[in-house]
Amino acid sequence: MDSSNKILLASSTKNLSVLRKFIESKAIDFGFDESTIIQIILSVDEACTNIIKHAHKYDENEQIEVETKADKTEFKIILKYKGRGFDPNDLHSPDMKEYFSKYKVGGLGVPIMKKFMNKIEYVHKNSDYNSLTLIKVL
Amino acid sequence: MEEFSINTKNQENIEILYLNGFLDAHTSVELENCLEKLISEGKYRIIVNFEKLSYISSAGLGVFMAFIETARDNAGDIKLCGMSDKIYNIFDMLGFPILFEIYKEENSAIGKFS
């Protein structure tokens, strides 16, 4: 078990598996059930995939800091990264009937995050500091 | 690194893909290449078996969206089967059963092609 609450990852989809194992370990420690743990892992995977793709444009020299914090009832995953920021709260989830009727591709990461997490907080100070926090309540 | 692989077989003129492991933004490229090859070869009758798939993210879901219209336009389909509850719940939560035929058993999916 990883006792540290923080990891620093090179911004690459190759590292999504490392990310998922880290989040799984912390979510188990916090006491979530299996189905909730899957929801959290998936949400963090989607958030990091968006950062890798849109903020860092697959530049593996960029980094993402991943930190978990827990109190009695809230489990927080904080992602800190440089580059172009994006607040998931600004994006409306698509109408899925229209999505399927038009055979759309992509754009489901944010809806997954919103569906599975209780709260998403985003702070953009400048291009050198973005912070995205995903919160799940026990 | 968690692994992902695809095994394939042809049965009754249907291409059956067996997914193994973890399907995410990194590994979905392999599935995309596999489906692209089948479609380019005119193989439009496709079943994807999820029995040994442990994980899927939206990158994996997107691959099926990218090819189903072409398959159906050519009298084929991409039918899905063998999902664990945790995988099915992700498809279901997003409404994928609206568009995709999803079966518990591979034989049921095969039967729907005949």
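1. Aromatic pairs. In this predicted model, a search of the whole structure gives eleven aromatic pairs over all chains. One of them joins A:Phe32 and A:Phe75: the ring centres are 5.6 Å apart and the planes stand at 75 degrees, so the pair is classed as edge-to-face. The two partners come from distant parts of the chain, 43 residues apart, with A:Phe32 in the loop between helix 1 (16-30) and helix 2 of chain A and A:Phe75 in strand 3 (residues 74-81) of chain A. A:Phe32 has a relative accessibility of 8% and therefore counts as buried. A:Phe75, at 2%, also counts as buried.

2. A stacked pair in chain B. B:Phe96 and B:Phe100 form an aromatic pair with 5.6 Å between centres and 20 degrees between planes, and the pair is stacked. Both B:Phe96 and B:Phe100 are buried.

3. Charges over rings. Which residue lies over the face of A:Tyr129? A:Lys125 does, at 4.9 Å from the ring centre. In chain B, B:Lys79 is placed over the face of B:Phe113, at 4.7 Å from the ring centre.

4. Helix 2 of chain A. This helix covers residues 34-55, and its 22 residues should span 32 Å at 1.5 Å a residue; the end C-alpha atoms are 31 Å apart, which agrees with that expectation. Of the 22 residues, 17 are buried, and the helix is mostly covered. A:Glu34 has its place in helix 2 of chain A. Is A:Glu34 buried or exposed? The relative accessible area of A:Glu34 is 59%, above the 50% cut-off, so A:Glu34 is exposed. Between A:Glu34 and A:His92, 58 residues apart along the chain, the C-alpha separation is 28 Å. Just after helix 2 of chain A, A:Lys57 adopts a positive phi of about 45 degrees.

5. The largest pocket. This pocket holds about 660 Å³ of space. Its lining comprises 35 residues, and A:Thr49, A:Asn50, A:Lys53, A:His54 and A:Gly107 lie nearest its centre. Both chains contribute: helix 2 and helix 4 (109-116) of chain A, and helix 1 (28-40) and helix 2 (58-73) of chain B, each supply at least two lining residues. Which element gives the most to the lining of the largest pocket? Helix 2 of chain A does, with eight residues. By class, the lining has 19 nonpolar, twelve polar and four charged residues.

6. The second largest pocket. About 260 Å³ of space lies in this pocket. It is lined by 16 residues, of which A:Glu24, A:Ile38, A:Ile41, B:Phe22 and B:Lys86 are the closest to its centre. Two or more lining residues come from each of helix 1 and helix 2 of chain A, and from each of strand 3 (45-56) and helix 3 (85-93) of chain B. The lining of the second largest pocket divides into nine nonpolar, one polar and six charged residues.

7. Cavities. How many cavities of 30 Å³ or more does a search of the whole structure find? The search finds two. The second largest cavity contains about 30 Å³ of space. Its lining consists of A:Leu9, A:Ala10, A:Ser12, A:Asn15, A:Leu16, A:Cys48, A:Ile52 and A:Ile64. Strand 1 (6-10) and helix 2 of chain A each give at least two residues to this lining. By class, the lining of the second largest cavity has six nonpolar, two polar and no charged residues.

8. Positive phi in loops. A:Tyr103 has phi near 50 degrees, a positive value in a residue other than glycine. A:Tyr103 is found in the loop between helix 3 (96-101) and helix 4 of chain A, and its relative accessibility of 23% makes it partly exposed. B:Ala75, likewise not a glycine, has a positive phi of about 65 degrees. B:Ala75 sits in the loop between helix 2 and strand 4 (77-81) of chain B, and counts as exposed at 72% relative accessibility.

Technical notes
Residues are numbered from 1 along each chain as its sequence is written. Chains are lettered from A and ligands numbered from 1 in the order in which they are written. This is a predicted model: local features need pLDDT of at least 70, side-chain atom pairs count only at pLDDT 80 or more; totals for chains, interfaces and linings use all residues. Side-chain values use heavy atoms; hydrogens and water are left out. Helices (H or I, at least four residues) and strands (E, at least two) are DSSP runs, numbered from the N terminus. The expected span of a helix is 1.5 Å times one less than its number of residues. Buried means under 20% relative accessible area, exposed over 50%, partly exposed in between (1.4 Å probe, protein chains only). Rings of Phe, Tyr and Trp (its six-membered ring) pair if their centres lie within 6.5 Å; planes under 30 degrees apart count as stacked, over 60 as edge-to-face and the rest as tilted. A charge sits over a ring if NZ of Lys or CZ of Arg is within 6 Å of the ring centre and within 35 degrees of the ring normal. On a 1 Å grid over the protein atoms alone, a cavity is a set of points where a 1.4 Å probe fits but cannot get out, and a pocket is an open set with protein on both sides within 12 Å along at least five of seven lines; lining residues have an atom within 4 Å of a point. Grid points are joined across faces, edges and corners, and a volume is the space filled by probe spheres set on the points. Ala, Val, Leu, Ile, Met, Phe, Trp, Tyr, Cys and Pro count as nonpolar, Asp, Glu, Lys and Arg as charged, and the others, Gly among them, as polar.
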